[in-house]
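Good morning, and thank you for coming. I would like to take you through one structure, beginning with a helix and moving on to the sheet.

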Amino acid sequence: MEIVILRHGQAEGYATADAQRKLTAKGEADALRAGQCLAELGFSFDALWVSPYLRTQQTAQQVLKNFSDLQPSTQALLTPESNPKQVFEFIHRSGLQRVLLISHQPLVSDLVAYMTEPNGYGPAMAPASMACVENKHGLPGCGVLRWLRHAPEFSRE
């Protein structure tokens with residue numbers, strides 16, 4: 001399986017509740033560019049899983065401008081403090097081969113670590129950063145970080 005893990009774009013600093021924070025104009029532009037980058041790299045996905053938080057939903061809408069055949073699926077287990085082991089098991093049980101997942105820190109970094117080096121630390125992932133992890137065996141720690149890209153210059157690994 002191959003998983004692209006995307007952190008939501010830049011969000012406003014405050015809202016009534018954390019889950020209601022909106023993307024800034026920069027966040028929208030970076031999310032759109034992330035989708036363009038994935039399309040330029042020739043990606044197609046079996047699924048797009050998104051956190052229920054507003055900023056991830058808005059990130060998904062920007063990414064989807066480059067993937068018209070893909071429908072987002074909101075997954076409650078993709079919130080910031082979710083357990084990376086549970087997320088990994090969910091991905092593995094799905095049987096899907098290529099998934100785009102949009103979530104938050106610390107989950108995005110923790111998930112990369114769990115998939116590639118379960119006793120280590122994941123990479124720093126700023127807003128709109130994305131990582132591609134390949135895990136042929138479906139086992140924690142057996143994956144390979146293929147690339148890590150950051151906004152706004154997604155072409156640089």
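Let us begin with helix α4, in which Leu107, Val108, Ser109, Leu111, Val112, Ala113, Tyr114, Met115 and Thr116 are buried, that is, under 20% relative accessible area with a 1.4 Å probe and protein chains only, where over 50% is exposed and anything in between is partly exposed. Please note that this is a predicted model, in which local features need pLDDT of at least 70, side-chain atom pairs count only at pLDDT 80 or more, and totals for chains, interfaces and linings use all residues. Residues are numbered from 1 along each chain as its sequence is written, and side-chain values use heavy atoms, with hydrogens and water left out.

The helix spans residues 107–116, and nine of its ten residues are buried. Helices (H or I, at least four residues) and strands (E, at least two) are DSSP runs, numbered from the N terminus. What do the buried residues of α4 pack against? They pack against β1 (2–7), α3 (84–94), β4 (98–103), β5 (130–134) and β6 (144–149).

Consider next the pair of helices. α3 and α4 pack at an angle of about 65°, with their axes 9 Å apart; axes are lines fitted to C-alpha atoms, for helices over the stretch in contact, and angles run from 0 to 180 degrees between N-to-C directions. That makes α3 roughly perpendicular to α4, a term for angles of 65 to 115 degrees. Pro84, Lys85, Val87, Phe88 and Ile91 in α3 meet Leu107, Asp110, Leu111, Tyr114 and Met115 in α4, where contact means heavy atoms within 4.5 Å.

I turn now to the sheet. It is open, has six strands in the order β3-β2-β4-β1-β5-β6, and shows mixed pairing; two strands pair if DSSP finds at least two bridges between them. At the edges are β3 (72–74) and β6, each pairing on one side only. From one strand to the next, the twist averages 20°.

Why is β4 described as largely enclosed by the rest of the structure? The reason is that five of its six residues are buried. Six bridges join β4 to β1, and the two run parallel; Ile3 has Val99 in β4 as its bridge partner. Strand β2 (residues 47–50) also runs parallel to β4, with four bridges joining them. There, Leu48 has Leu100 as its bridge partner, and Trp49 stands opposite Leu101. Finally, helix α2 (residues 54–63) packs on the sheet, touching β1, β2, β3 and β4, and its direction makes about 135° with that of β4.

How values were computed:
Angles under 35 degrees count as roughly parallel, over 145 as roughly antiparallel, 65 to 115 as roughly perpendicular and the rest as oblique.
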